[in-house]
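This report covers a single chain.

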Amino acid sequence: MTKDNWRTTALGILVAILVIVGLNSFIIINPGQAGVLSILGKARDGALMEGIHLKPPFISVIDVYDLTVQKFEVPAESSTKDLQNLSARFAINFRLDPIQVVDVRRKQGTLENIVSKIIAPQTQEAFKIAAARRTVEEAITKRSELKEDFDNALGDRLDKYGIIVLDTSVVDLTFSPEFARAVEEKQIAEQRAQRAVYVAREAEQEAQAEINRAKGKAEAQRLLAETLKAQGGQLVLQKEAIEAWKTGGAQMPRVLVMGGESPNNVPFIFNLGGNTQN
């Protein structure tokens with residue numbers, strides 16, 4: 001190898017080393033991210049926010065964390081105030097606190113560890129606190145209150161780990177088969193009770209209607225009696241008798257006998273059409 005070739009080779013190696021060193025001497029943190037610088041395995045204080053940052057080459061590592069909203073579904077089980085089993089599945093929306101990212105790196109490590117070792121067990125404990133304050137029926141009928149108690153308990157527990165809870169949703173809420181049967185039986189009993197009340201009210205209304213009809217009939221009879229006692233009352237009675245004869249469909253009588261000599265007496269009508277000759 002000639003001297004010129006050796007110089008060219010050495011220069012190429014030097015340039016390659018400088019390029020490698022240069023590429024390992026800085027890092028770009030994108031928006032919505034934060035980096036934690038570790039030198040020789042020790043995390044340095046102060047998170048690296050978006051932008052270009054220098055770092056010692058070869059002996060340093062930068063762990064990048066996503067600060068945008070993360071969503072995970074976490075199951076939970078608990079016993080209610082009346083000792084009924086209640087299961088739920090929560091959708092947790094959270095993000096990491098950029099101020100505490102370094103502590104998160106030192107204590108929890110990766111995002112997967114945060115979910116499995118912190119969020120999942122704390123979700124379980126927060127659900128136990130919320131469910132124990134009410135019966136299983138109240139947990140179902142007052143779902144918003146259950147969620148509010150859960151949110152408060154979970155937020156307080158995760159805040160100290162540098163995890164900010166933005167929102168939670170109850171994806172699913174289930175209860176034991178025994179309670180499901182009890183609810184069904186209760187609904188059937190309530191329907192029967194409502195039907196019984198309806199029948200009783202209907203009977204009461206019918207009885208009241210009979211009373212009203214009886215009162216009306218008695219009042220009509222009283223008015224008729226007063227009419228008969230008044231002057232000209234016999235004429236009313238005669239008119240009623242004739243109307244009754246007409247609506248009854250009887251044949252025209254062959255003999256019409258007036259009761260007594262007074263023209264005001266009630267007529268007695270005899271139909272002799274059915275008599276046979278001996």
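## Lys55 and its surroundings

Lys55 is in contact with Asn24, Ser25, Phe26, Leu37, Ser60 and Ile62, leaving aside its neighbours within four places in sequence. The model is predicted. Lys55 belongs to the loop that runs between β4 (51-54) and β5 (60-66).

The residue is buried, yet Lys55 has no salt bridge. Asp63 is the nearest side chain of opposite charge, and it is 11 Å away. A salt bridge would need a side-chain nitrogen of Lys or Arg within 4 Å of a carboxyl oxygen of Asp or Glu.

## Nonpolar cores

The largest nonpolar core has 34 residues, and those that touch the most other members are Phe90, Ile92, Ile119, Phe127, Phe150, Ile163 and Leu173. At least two residues of this core come from each of β2 (33-39), β6 (70-79), β7 (85-96), α2 (101-107), α3 (111-131), α4 (136-141), α5 (143-159) and β8 (163-175). The most, eight residues, come from α3.

Not counting residues up to four places away in sequence, Phe90 touches Phe72, Glu73, Val74, Ala76, Thr123, Phe127, Phe150, Ser169, Val170 and Val171. Another core lies apart from the largest one; its six residues include Ile29, Leu37, Leu48 and Ile62.

## The chain as a whole

Seven helices and 10 strands form the secondary structure of the chain. Of its 278 residues, 24% are buried. The chain exposes about 19,000 Å², with 55% of that supplied by carbon and sulfur atoms.

Among contacts between residues at least 6 apart in sequence, 64% join residues at least 24 apart.

How values were computed: Residues numbered from 1 in each chain as written. Predicted model: local features only at pLDDT ≥ 70, side-chain atom pairs only at ≥ 80, totals over all residues. Heavy atoms only, no water. Helix = DSSP H or I, 4+ residues; strand = E, 2+ residues; numbered from the N terminus. Buried < 20%, exposed > 50% of the residue type's maximum accessible area, 1.4 Å probe, protein only. Contact = heavy atoms within 4.5 Å. Areas by Shrake-Rupley, 256 points an atom, 1.4 Å probe, with all protein chains shown as cover. Core = buried A, V, L, I, M, F, W, Y, C linked by side-chain atoms within 4.5 Å. Lys, Arg positive; Asp, Glu negative; His and termini not counted.
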